[in-house]
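Visitor: I would like a short tour of this model, please. Could you take me through it by question and answer?

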Amino acid sequence: MDPIPPHLGGNSADSMAMCMVFDIPGSATAFQERVHRAGVRIVQNGLAGGRFDNMSETLPVHVTVVIPTRNEEEAIVDTIRSVPSDGWCEKIDFLIVDGNSTDRTRELAEGEGATVYVEPRKGYGRAYKTGFAMAPGDVIVTMDADCTYPGEEVPGLVRKLLDEDLEWITCDRLRKAEEGAMPGLHGFGNWVLSTTATMLYWYGVHDSQSGMWVFRKSIFEDERVRPKHDGMPLSQEFKIRARRYLGKKRTAEVSVPYRPRVGEAEINTWGDGLLNLRFLFTHRLGLTRQVTPWGPE
Ligand SMILES: Nc1nc2c(ncn2[C@@H]2O[C@H](COP(=O)(O)OP(=O)(O)O)[C@@H](O)[C@H]2O)c(=O)[nH]1
Ligand SMILES: [Mg+2]
């Protein structure tokens, strides 16, 4: 799919396609429980009908969960533990890309068996450009280290990726956000950015700011899919690139729960919001450039 509408230079009817949003009913863990209780093969609603339709089956992939952290000692342990690691896939590991935390984040993450890499260069996007290049898994999953994203959904999301032969999934937080998860200005800012992104790119993604993605590492063999920004705009940039270069058929947006943050955010709501907004326009005009390269130093 070309996510750019014809009047802005896009060239396909697909660019007018509506957003693809799927719901994952119940958590993967709850689903596994149902399978065990019934002792029969249960087809999960909406995600059914494929090769991996029994969650008790080990998915034939190595999954790496990449998590950027900066002073997240209050939530890092629960974030890691929220992702099941009970044999649902062949191998799962956690790569923490830490931006020089001054609290106990690194030590606590290592205590949970995670690999910790210190990326002293500042920025959320910078951390991911390092983590994506270093992740050993065939499938990469991302989330914040603040207990906002539902780790328990990871097996179901990876299964959907394999089952439906997708390359990339982004998780929409807006439809299932729990009370207090997106307070006042945050919610409004998110709406402004997501609406602007839709108008400029027409790429069929509802939640332009979500930081939970599930995708095959191989997508980065195509350089055009690699996001370049060092800051928060990497999130929307990645979605724009994935939809444009991987196409609508190989990508999807899935609704997941979103919860109130644990621990203090370091984000500057106004500053980051305006930076994100400016990026949407400059990127549309082809005026953005890469400041630091892909991968670790
Ligand atoms: N390594 C690294 N991680 C960062 C940096 N800035 C933010 N993070 C992490 O990126 C994730 C997203 O940041 P967060 O404050 O939750 O942003 P929000 O979800 O947009 O409000 C969190 O896990 C942060 O700890 C940074 O400069 N370097
Ligand atoms: Mg967050």
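## Around Leu234

Visitor: Which residues is Leu234 in contact with, leaving aside its neighbours within four places in sequence?
Guide: Happy to start there, and please keep in mind that this is a predicted model. Leu234 belongs to helix H7, residues 234-245. With neighbours within four places in sequence set aside, its contacts are Tyr124, Gly125, Tyr128, Pro227 and His229.

Visitor: Is Leu234 buried or exposed?
Guide: The cut-off for a buried residue is 20 or more other C-beta atoms within 10 Å of its own. Leu234 has 24 C-beta neighbours inside 10 Å, so it counts as buried.

Visitor: How far apart in space are Leu234 and Phe279, C-alpha to C-alpha?
Guide: Along the sequence, 45 residues separate Leu234 and Phe279. In space, their C-alpha to C-alpha distance is 9.4 Å.

Visitor: Which elements give two or more residues to the shell around ligand 1?
Guide: Good one! The shell holds 19 residues, and the closest are Pro68, Gly99, Ala127, Asp144 and Ala145. The elements giving two or more residues are strand S2 (59-69), strand S3 (89-98) and helix H4 (124-134).

Visitor: How many charged residues does the shell around ligand 1 have?
Guide: Sorted by class, the shell around ligand 1 includes seven nonpolar and four polar residues. Its charged residues number eight.

Visitor: What percentage of the residues in the protein chain is buried?
Guide: The secondary structure of the chain comes to eight helices and eight strands. Out of its 297 residues, the buried share is 44%.

Notes:
Residues are numbered from 1 along each chain as its sequence is written. Chains are lettered from A and ligands numbered from 1 in the order in which they are written. This is a predicted model: local features need pLDDT of at least 70, side-chain atom pairs count only at pLDDT 80 or more; totals for chains, interfaces and linings use all residues. A residue is near a molecule or strand if its C-beta atom, placed from the backbone, lies within 6 Å of it. Helices (H or I, at least four residues) and strands (E, at least two) are DSSP runs, numbered from the N terminus. Ala, Val, Leu, Ile, Met, Phe, Trp, Tyr, Cys and Pro count as nonpolar, Asp, Glu, Lys and Arg as charged, and the others, Gly among them, as polar. A residue is buried if 20 or more other C-beta atoms lie within 10 Å of its own, exposed if 12 or fewer, and partly exposed in between; C-beta atoms are placed from the backbone. Two residues are in contact if their C-beta atoms, placed from the backbone, lie within 7 Å.
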